[in-house]
Amino acid sequence: MDLREREFPWAARGDAIYLNNASTGPLPVRTVGAQASFTALRAEPFRMSDELQFGTISHSRNLVARLIGASPDEIALMVNTTYGINVAARALPLGRGDTVLTFDREFPANIYPWMALAPIGVTLERIPCRDGLADEEALLLALDKPGVKAVTVSWVSFATGYRVDLARIGRACRERGIYFIVDAMQGLGALTLDVRECFVDVLACGGQKWLLSPWGTGFVYVRSELVTALEPSSVGWLAMRGSEDFTRLVDYDFTYWDDARRFEVITLPFQDFAGLNASLELLLELGPKRVEAHVAGLVDMAVEWSRNRAAVKLVTPAEPERRAGIVALAPSDPRVASEKLKRARISHSLREGAIRLSPHCYNTDAEMEEALEVLGRE
Ligand SMILES: Cc1ncc(COP(=O)(O)O)c(C=O)c1O
């Protein structure tokens, strides 16, 4: 693939087989270039303009919106996923006696911000897993318990790769007037998404994994009908309408933007958002559906391979609609297996007793075959 040589030359050279996108996505060449050019201007700030700075983040909101089927007015830029989850936890009208439902074994970014609401009387209830995976049936049944006000889930589990049926849970929540919050970090980029079709109220996502973007980039989507109903808990100076006029900043007009910018806490790392823009443009150019199909094909290979091996347990569900870009395989001794992979320069993760492989658009079938061959060696 020409893309590999151009954007991921280390992969084309064979410096490593990188199957660890669920930890950190590599930066495409164009992204590194965009960050560097922006930083070069910043080094000589008289070359920088307000238009360039604010035009860059405005472009980020547009690109993110395109990717998830939202309007740019519903996007607030954030520096990571956790910050976006905190926006939901702190801005939604939750109080004494309310329950937030989630799955057990969620990534902690989607647990602690909710646990932190205990002092105001909000309970986080974790639905136990079934066979180690998110139990959607049990969550759906729990929606009708008294006091349930919100549901918050990872779209894709960081450890098992299980993909939640967002549309099904989102619809059930909307029918009951329950808020639906999604941590999209392990899904978006490997999968495609339309937030409206999935009835999402708030969605948080960092850029550093499947969006192949710099650390310090991310966003939160807030459904338009909720934007003006919610007040941010952390109040940014540019969250106010009047702050646009930099010549009159001390007029102090406490009037929030009536779009999602009210949730932003600026100043943001502009150079990194320039990088995010380059990466999102690449994904949009490749076609998110094509990327999804490519990733699914690579994950399929690992799933098929595991079928004939008694010694390796497939942790990830076998059904294609239940997985994304993560495949978790549990050999009899995961640590030994991890060492073998490391020796073969195959980047992966060891998570919750399983080897986690997470390929993206830059990986080839041959790379996945090699990783599986090494894993299968006695
Ligand atoms: C599901 C999930 N959410 C969030 C994060 C990270 O959150 P943040 O962007 O705040 O570091 C990770 C992984 O690091 C993750 O797997």
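A residue counts as buried here if 20 or more other C-beta atoms lie within 10 Å of its own, and as exposed if 12 or fewer do. By that rule, the buried residues of helix 11 are Pro288, Val291, His294, Val295, Leu298, Val299, Ala302, Trp305 and Ser306. They cover an arc of only 140 degrees around the axis, which puts them on the same side of helix 11. Lys289, Ala293, Glu304 and Arg307 are exposed on the other side of helix 11. The model described here is predicted.

**The chain as a whole**

The protein chain contains 13 helices and 13 strands. For 378 residues, a compact globule would have a radius of gyration near 21 Å, and the 21 Å of the protein chain agrees with this. The C-alpha trace spans about 70 × 60 × 30 Å along its principal axes. Of the 378 residues, 48% are buried. Among contacts between residues at least 6 apart in sequence, 71% join residues at least 24 apart.

**Helices 4 and 11**

Helix 4 covers residues 50–68; its 19 residues should span 27 Å at 1.5 Å a residue, and its end C-alpha atoms are 28 Å apart, which agrees. Helix 11, with 20 residues, reaches 29 Å from its first C-alpha to its last, close to the expected 28 Å.

Which residues of helix 4 are buried? They are Gln53, Thr56, Ile57, Ser60, Arg61, Leu63, Val64, Leu67 and Ile68. These residues cover an arc of only 170 degrees around the axis, which puts them on the same side of helix 4. Asp50, Glu51 and Gly55 are exposed on the other side of helix 4. After helix 4 comes Gly69, with a positive phi near 70 degrees.

The buried residues of helix 4 pack against several elements, including strand 2 (75–78), strand 7 (202–206) and strand 8 (218–222). Helix 10 (270–286) and helix 11 (288–307) are also among the elements they pack against. From helix 11, the buried residues pack against helix 4, helix 10, strand 9 (312–314), strand 10 (327–331), strand 13 (354–357) and helix 13 (365–376).

**Residues in loops**

Ala190 is found in the loop between strand 6 (179–183) and strand 7. Ala190 counts as buried because it has 31 C-beta neighbours inside 10 Å. Leaving aside neighbours within four places in sequence, Ala190 is in contact with Trp210, Glu292, Val295, Ala324, Gly325 and His360. The C-alpha atoms of Ala190 and Arg290 are separated by 9.8 Å, although the two are 100 residues apart along the chain.

Most residues other than glycine have a negative phi. Arg105 has a positive phi, and so does Asp131.

**Around the ligand**

Which residues are around the ligand? They are Asn80, Thr81, Thr82, Phe107, Ala109, Ser154, Phe158, Asp183, Met185, Gln186, Gly206 and Gly218. This shell divides into four nonpolar, seven polar and one charged.

Methods: Residues are numbered from 1 along each chain as its sequence is written. This is a predicted model: local features need pLDDT of at least 70, side-chain atom pairs count only at pLDDT 80 or more; totals for chains, interfaces and linings use all residues. Helices (H or I, at least four residues) and strands (E, at least two) are DSSP runs, numbered from the N terminus. The expected span of a helix is 1.5 Å times one less than its number of residues. The arc is that of the directions from the helix axis to the C-beta atoms. Two residues are in contact if their C-beta atoms, placed from the backbone, lie within 7 Å. The radius of gyration is taken over C-alpha atoms; the globule rule is 2.2 Å times the number of residues to the power 0.38. A residue is near a molecule or strand if its C-beta atom, placed from the backbone, lies within 6 Å of it. Ala, Val, Leu, Ile, Met, Phe, Trp, Tyr, Cys and Pro count as nonpolar, Asp, Glu, Lys and Arg as charged, and the others, Gly among them, as polar.
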